Amino acid sequence: MSVTGHPVQFGWGGLGRRFARYWIAATLSFYGDWFTTVALVVLLYRLSGPAAPAGYMLARVVPRVLSTSIGGSLADRIPAQYVVAACALTQSVFTLSIIPSSRIHAVWAVFGAVVVTQFAGGVARPAVGALVPRIAPPHRLQRANALYSLGFSSSIAVGPALAAPLLVAKGPEACLAIDAATFIIAAILMATLRVTSISGGWSSATAGALVGLRAVSRDPLLRVVAVGWMCSAVAVTATSSVLVLIARTAGNPDWVGFLYAAVGGGSVLLGLIVFRYRPRRVTREVIVGLAILEVLSLALITLHLPLWGSMLALAVSGGTAVVWQTLGTTDLQMRSHPAFLGRVNAVVVFASSAGMFIGALLALLLVPWAGWERTQFTACGLSLVILGAGVAFGPQRAEPPD
């Protein structure tokens, strides 16, 4: 298969050391995040009780909703790698601050540190996406995005597996310290990354935070990609919020690690396929169909499947998500003008963060009185409604790539 006439090969050829440095920095951060996630779910449960996991999810997603537009504008105005490096240093400092706060049982300080780190993460994320076409040639974009997705997907499978025994042996503080260290390494790698400059830079013709929103809303394919991220985030976040309850229903709450591993395993498996092959044409029907399959797989879990059935459904959901997100992200990068790619990325990140907020809020409000099954089914249904609205409302005629 090919992209713009160039063969899609298996391997690192054509990307070079710059992308390797970028990929290592991003992947280290992914793995480190899982150490903090596992540590904080346990730590906050000890400090605040059973409502802590849903509260933690809200503390994670609300700051990202508020900070993504800032990150998109910054990524287009100053070198994106410096934005990522500064945010990584901020995340490292505040992640470390959780350790003394937890020792004195200052729950408010723990949640405050989570809010600051997630705000910084929201600023960094559009810049991280904007870097890819600046360090990878156009005919290698899918490979670059697939590698990025594989790094994230492998962290889902491996990160909790590494964090869980460390948590038991050394406690939450060791996990938090490791995450802080990964942020420092990522900051150094990003700060020293050589990035191809963009001709024209920030100009009056492309000034303004809303330029990304206009670009996405007017392009049917990009609009579906953005709405697909929101659709996915609603269903996935609601599922993540009740995953320990799903494991308990399947037989044992301690099996939650197997469920996380199933998501990562399916993501890695199908990620390898999309890394190797690219269809000659990506249509919005392909994106929509795969997004629907992702959500329906999560809805199936409400039927009280056995452990293996839930693991299979989660693997299918995670795998299909990697496929459509990689294809959609690659097309987004190819269709967007480089001068406002950061702001286009910010729209997608905002959509995803907003979906995470909706999913976490549903879990927080519905689980206590409706149960996890109705909560998850409601979240899946709402996510499909959002996806349908994104398809129906807006221009239907595709415009040629910019």
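Tutor: We can start with the whole chain and then turn to its aromatic pairs. Keep in mind that this is a predicted model.

Student: Ok, how many helices and strands does the chain have?
Tutor: There are 13 helices and two strands.

Student: And what share of the residues is buried?
Tutor: Of the 402 residues in the chain, 54% are buried. The chain exposes about 16,900 Å², and 70% of that area comes from carbon and sulfur atoms.

Student: Switching topic. How many aromatic pairs does a search of the whole structure find?
Tutor: The search finds two. One is formed by Phe19 and Tyr22, with ring centres 5.6 Å apart and planes at 40°.

Student: Why is that pair called tilted?
Tutor: Planes under 30 degrees apart would count as stacked and over 60 as edge-to-face. The angle between Phe19 and Tyr22 is 40°, so their pair is tilted.

Student: Where do Phe19 and Tyr22 lie?
Tutor: Both are in helix H1, residues 16–48. They are three residues apart, about one turn of the helix. Phe19 and Tyr22 are both buried.

Student: What about Trp229 and Trp324?
Tutor: Those two form an edge-to-face pair, 5.9 Å centre to centre with 65° between the planes. Their pair links distant parts of the chain, 95 residues apart. Trp229 belongs to helix H8 (residues 220–241) and Trp324 to helix H12 (residues 307–335).

Student: Is Trp229 buried or exposed?
Tutor: Trp229 is buried, at 16% relative accessible area; the cut-off is under 20%. Trp324 is buried too, at 0%.

Terms used: Residues numbered from 1 in each chain as written. Predicted model: local features only at pLDDT ≥ 70, side-chain atom pairs only at ≥ 80, totals over all residues. Heavy atoms only, no water. Helix = DSSP H or I, 4+ residues; strand = E, 2+ residues; numbered from the N terminus. Buried < 20%, exposed > 50% of the residue type's maximum accessible area, 1.4 Å probe, protein only. Areas by Shrake-Rupley, 256 points an atom, 1.4 Å probe, with all protein chains shown as cover. Phe/Tyr/Trp six-rings, centres within 6.5 Å; stacked < 30°, edge-to-face > 60°.
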